[in-house]
Amino acid sequence: MTDAPADQRVLGPRHEQAFPRLSPAEIDRLRRFGEVRTYGDNERLFRAGQPGLGLFVVLRGSVAITHPDGLGHAIPIVEQGEGQFLAEIGALSGRAALVDGWARGEVETLVLSPAGLRAALVAEAMLGERIMRALVLRRVSLIETGAGV
């Protein structure tokens, strides 16, 4: 067994496509579709089983993504930092999240609501394609590790 996080073991070389880092210019192009929100250390951004707020772009800090097992334990999936985005395919429609997101230190995000995310995917087609590829690969990873069923 390897010490690599579950997402890296399942996705292998596609890990970078599933968890890309957006450039400052790409983030600027998304700003018109969302609003900036801040979170304190260890504050939950979203909860498995609850409707998602959409897509979060990390502007400052980092966010730990975990999956709750049936026994109340938080199984680590990935930690994402500045320039990365947090979302699942269900973010397009506001469906319930499959994972939890926890602020690690002070965190600032750009949050695109489901409607804002859909508008961004249409208006920013090339960037939208990267985001959609990442969302599909993340879903595959969750299914492969048993978290997305």
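The side chains of R133 and E129 meet in a salt bridge, with N and O 3.1 Å apart; a salt bridge is a side-chain nitrogen of Lys or Arg within 4 Å of a carboxyl oxygen of Asp or Glu. The structure is a predicted model, in which local features need pLDDT of at least 70 and side-chain atom pairs count only at pLDDT 80 or more, while totals for chains, interfaces and linings use all residues. Residues are numbered from 1 along each chain as its sequence is written, and side-chain values use heavy atoms, with hydrogens and water left out.

R133 and E129 are separated by about one helical turn because they are four residues apart in helix α5; helices (H or I, at least four residues) and strands (E, at least two) are DSSP runs, numbered from the N terminus. R133 is partly exposed at 34% relative accessibility, and E129 is partly exposed at 49%. Here buried means under 20% relative accessible area, exposed over 50%, and partly exposed in between (1.4 Å probe, protein chains only).

Seven salt bridges are present in the structure. One of them pairs E26 with R130, the closest N and O atoms being 2.6 Å apart. This pair links distant parts of the chain, 104 residues apart, with E26 in helix α3 (residues 24-30) and R130 in helix α5 (residues 125-144). E26 is buried at 13% relative accessibility, whereas R130 is partly exposed at 26%.

A salt bridge also joins R32 and E124 (3.5 Å, N to O). R32 lies in the loop between α3 and β1 (35-39) and E124 in the loop between α4 (114-123) and α5, so the pair ties together parts 92 residues apart in sequence. R32 is exposed at 59% relative accessibility, while E124 is buried at 14%.
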